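Hi,

Have a look at it first, then read on.

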Amino acid sequence: MSKGYHHGDLRAALLREAEELLQTSGEAGLSLREVARAVGVSHGAPSRHFTDKAALLEALAVEGFRRLGARLEAAATIDDRSFVPTLRDVAVSFVRFSTDNPALVDLMSRYRREDVTDELRHARAASFAPVATLVDIGLSENELFGDARTIGTVFFATLQGIFVMANNKTIDPLNDELIIEVVDSLLKGLAPHTGRPIS
């Protein structure tokens with residue numbers, strides 16, 4: 001049964017249990033009835049918040065994007081760090097989130113741009129907005145060269161590959177230094193050809 005469930009917080013409790021079931025049993029083992037049982041409410045109670053399993057999964061994906069966005073925003077905010085260390089922190093943060101929540105990230109990745117509700121589309125765009133802003137900063141500071149959208153796609157495609165390899169135990173999922181080395185190698189290709197080293 002969900003811990004910390006209180007009357008009036010049913011939706012949050014259902015999402016917590018749904019995520020746990022997704023992680024332990026996969027999407028096939030997740031149902032509204034099973035989530036209700038885990039929370040300790042009647043099997044009809046989830047219908048107050050979710051019309052069906054698909055609606056529950058999409059709400060879970062929205063919550064995942066919001067949590068990822070909070071992580072990326074914290075990592076992408078330039079303070080006393082320069083651009084490159086900030087981008088390294090973003091990369092580590094993204095891979096950490098992905099390896100900590102593999103089933104959730106797989107679910108989030110499943111939704112195609114044209115197949116989602118406005119809420120999910122907004123949550124997904126908002127989650128990556130801090131990184132888009134960071135890329136714009138990199139371009140304006142001459143740390144990056146090229147089209148911002150292409151750079152973002154290449155960056156996240158690279159990190160997605162690291163996540164998949166870490167999740168499959170092809171590489172050590174806790175090796176932050178490897179993530180940083182990959183980012184530095186990527187930056188060498190994305191930086192203007194000035195001959196100056198990555199620092």
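Read along the sequence, the pattern is α-α-α-α-α-α-α-α, and the secondary structure comes to 8 helices and 0 strands. Helices (H or I, at least four residues) and strands (E, at least two) are DSSP runs, numbered from the N terminus. The C-alpha trace spans about 65 × 35 × 30 Å along its principal axes.

Some housekeeping before the details. This is a predicted model, where local features need pLDDT of at least 70 and side-chain atom pairs count only at pLDDT 80 or more, while totals for chains, interfaces and linings use all residues. Residues are numbered from 1 along each chain as its sequence is written, and side-chain values use heavy atoms, with hydrogens and water left out.

Of the 199 residues, 43% are buried; buried means under 20% relative accessible area, exposed over 50%, and partly exposed in between (1.4 Å probe, protein chains only). Among contacts (heavy atoms within 4.5 Å) between residues at least 6 apart in sequence, 69% join residues at least 24 apart.

Now the core. The largest nonpolar core has 59 residues, and those with the most contacts inside it are Leu30, Val35, Leu56, Val90, Phe155 and Leu159. Such a core is a set of buried Ala, Val, Leu, Ile, Met, Phe, Trp, Tyr and Cys residues joined through side-chain atoms within 4.5 Å. H1, H2, H3, H4 (83–100), H5, H6, H7 and H8 (176–190) each supply at least two residues of this core, and the largest share, 11 residues, comes from H3. Leaving aside residues up to four places away in sequence, Leu159 touches Ala91, Phe94, Val95 and Val183.

Helix H1 (residues 10–25) has 16 residues and reaches 21 Å from its first C-alpha to its last, close to the 22 Å expected at 1.5 Å a residue (the expected span is 1.5 Å times one less than the number of residues). Among its buried residues are Leu10, Leu14, Glu17 and Leu21. What covers the buried residues of H1 includes H2 (32–39), H3 (53–76) and H5 (102–110). After H1 comes Gly26, with a positive phi near 80 degrees.

On to the aromatics: the whole structure has 4 aromatic pairs. Rings of Phe, Tyr and Trp (its six-membered ring) pair if their centres lie within 6.5 Å; planes under 30 degrees apart count as stacked, over 60 as edge-to-face and the rest as tilted. Phe128 and Phe156 have ring centres 4.9 Å apart and planes at 65 degrees, so they are edge-to-face. That pair links distant parts of the chain, with Phe128 in H6 (residues 118–140) and Phe156 in H7 (residues 148–167), 28 residues apart. Phe128 is partly exposed at 26% relative accessible area, whereas Phe156 is buried at 16%. Phe155 and Phe156 are also edge-to-face, because their centres are 5.3 Å apart and their planes at 70 degrees. Phe155 is buried too, at 4%. Ring pairs link Phe65, Phe94, Phe128, Phe155 and Phe156 into a cluster.

Finally, the voids. On a 1 Å grid over the protein atoms alone, a cavity is a set of points where a 1.4 Å probe fits but cannot get out, and lining residues have an atom within 4 Å of a point. The largest cavity is lined by Leu87, Val135, Leu144, Ile151, Phe155, Leu186, Leu187 and Leu190. H8 gives the most to that lining, with 3 residues.

Note on methods:
1 Å grid on protein atoms, 1.4 Å probe; cavity = no way out; pocket = protein on both sides within 12 Å on 5 of 7 lines; lining within 4 Å.
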